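This report describes selected features of a single structural model. Please consult the sequence and the coordinates shown below alongside the text.

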Amino acid sequence: MSAEKSTIVRIARQGAERVAPRLALKLLAAIAPERADRYAADLFRRPLRSSPAEEPFVPCLAGKRFAVETSSGMVAAWHYGEGPTVIVSHGWNAASSQLFRLIARLVRGGFEVVAFDQPAHGLSAGTRTDVAEMADALRSVAFRVRPVHAVVAHSLGATAAALAIARGASLPRAVLIAPPVELPFFARGFAKRLGLSPARADGMLRRLEAAMGPIEALDLLRLAPAQRAALLVLHDSADREVPFAHSEALVSAWPGARLQPLTNLGHRRMLREPRVLEEIVDFLRETKRDGLQRIA
């Protein structure tokens, strides 16, 4: 690369840091497409932290903080209450502090709740992560607090939970709330919002594979038929962030899974909706002929 072109590339990358990435990436894609692919993939792996990051505040409950070492660094975690252990996992650009109503309801239902901030989220370490690292973080937390009765997870945290189960985490029950199941769908949507061409979206996906491993290994629809965890999926049929069809496809592929459609709750309001919280607690306590034990 000539010195002049190298200078233009450097200016374009600096622009991507300082102004709207959409405009800067268009320039970078025109003169150095591989660098644009790499930069777009890097942006895709950078969550926006809650500001300011804070510990979960659950009224009338004192959480005990601890740390868990994961493959991507330390994550901050808390436990509340007593009883069978339920891990709760937030989604992308979120934190455990947003799950306080869910934590409180599970504790009242007779469970010990373990909440943690995913890598590069909340009070946990790091600036970049992805669904594969999030799944590994959940596996590490589950191993630390074993035995675990169930996991309740939202959005990309739900995808990570399903992936963790498929990778051998001892999580015999799961409630997944609005789980995305097709990484390329969201990666291509992200690339489109950045103004990148389909060719550059493909390039971004190749860069993501270099960081996360083969996309096929993250394909929940391919992994689901071999899973045996009891599964309840909750999803608003009009969700604008994660299509309802993702949950329909996952439940169809996962043996014995149950789908509970929701209405008028969008992508996040279900986390504070009393009837949804009751549905979760009921599922975690119910007796089934397939071996689930009643929680007294």
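Strand 6 is largely enclosed by the rest of the structure, because 5 of its 5 residues are buried. Buried denotes under 20% relative accessible area, exposed over 50%, and partly exposed in between (1.4 Å probe, protein chains only). Helices (H or I, at least four residues) and strands (E, at least two) are DSSP runs numbered from the N terminus. The model is predicted: local features need pLDDT of at least 70 and side-chain atom pairs count only at pLDDT 80 or more, while totals for chains, interfaces and linings use all residues. Residues are numbered from 1 along each chain as its sequence is written, and side-chain values use heavy atoms, with hydrogens and water left out.

Both faces of strand 6 are covered, with Arg173, Val175 and Ile177 buried on one side and Ala174 and Leu176 buried on the other. Strand pairing, which requires at least two DSSP bridges between the two strands, is summarised below.

| Strand paired with strand 6 | Sense | Bridges | Residues standing opposite |
|---|---|---|---|
| Strand 5 (residues 150-154) | parallel | 4 | Ala153 and Leu176 |
| Strand 7 (residues 230-236) | parallel | 5 | Arg173 and Ala230 |

From strand 5 the chain passes through helix 6 (residues 156-166) to strand 6 in a right-handed β-α-β crossover. Right-handed means that, with the strands pointing away from the viewer, the path from the first strand over the helix to the second runs clockwise.

Glu182 is located in the loop between strand 6 (173-177) and helix 7 (183-193). Because its relative accessibility is 34%, Glu182 counts as partly exposed. Not counting residues up to four places away in sequence, Glu182 is in contact (heavy atoms within 4.5 Å) with Leu221 and His246. Its C-alpha atom is separated by 8.5 Å from that of Leu218, 36 residues apart along the chain.

A nonpolar core is a set of buried Ala, Val, Leu, Ile, Met, Phe, Trp, Tyr and Cys residues joined through side-chain atoms within 4.5 Å. The largest such core has 66 residues, of which Leu25, Ile87, Leu171, Leu176 and Trp254 touch the most other members. Helix 5 (residues 131-145) gives the most to this core, with 9 residues. A second, separate core of 32 residues includes Val113, Ile177, Ala230 and Leu277.
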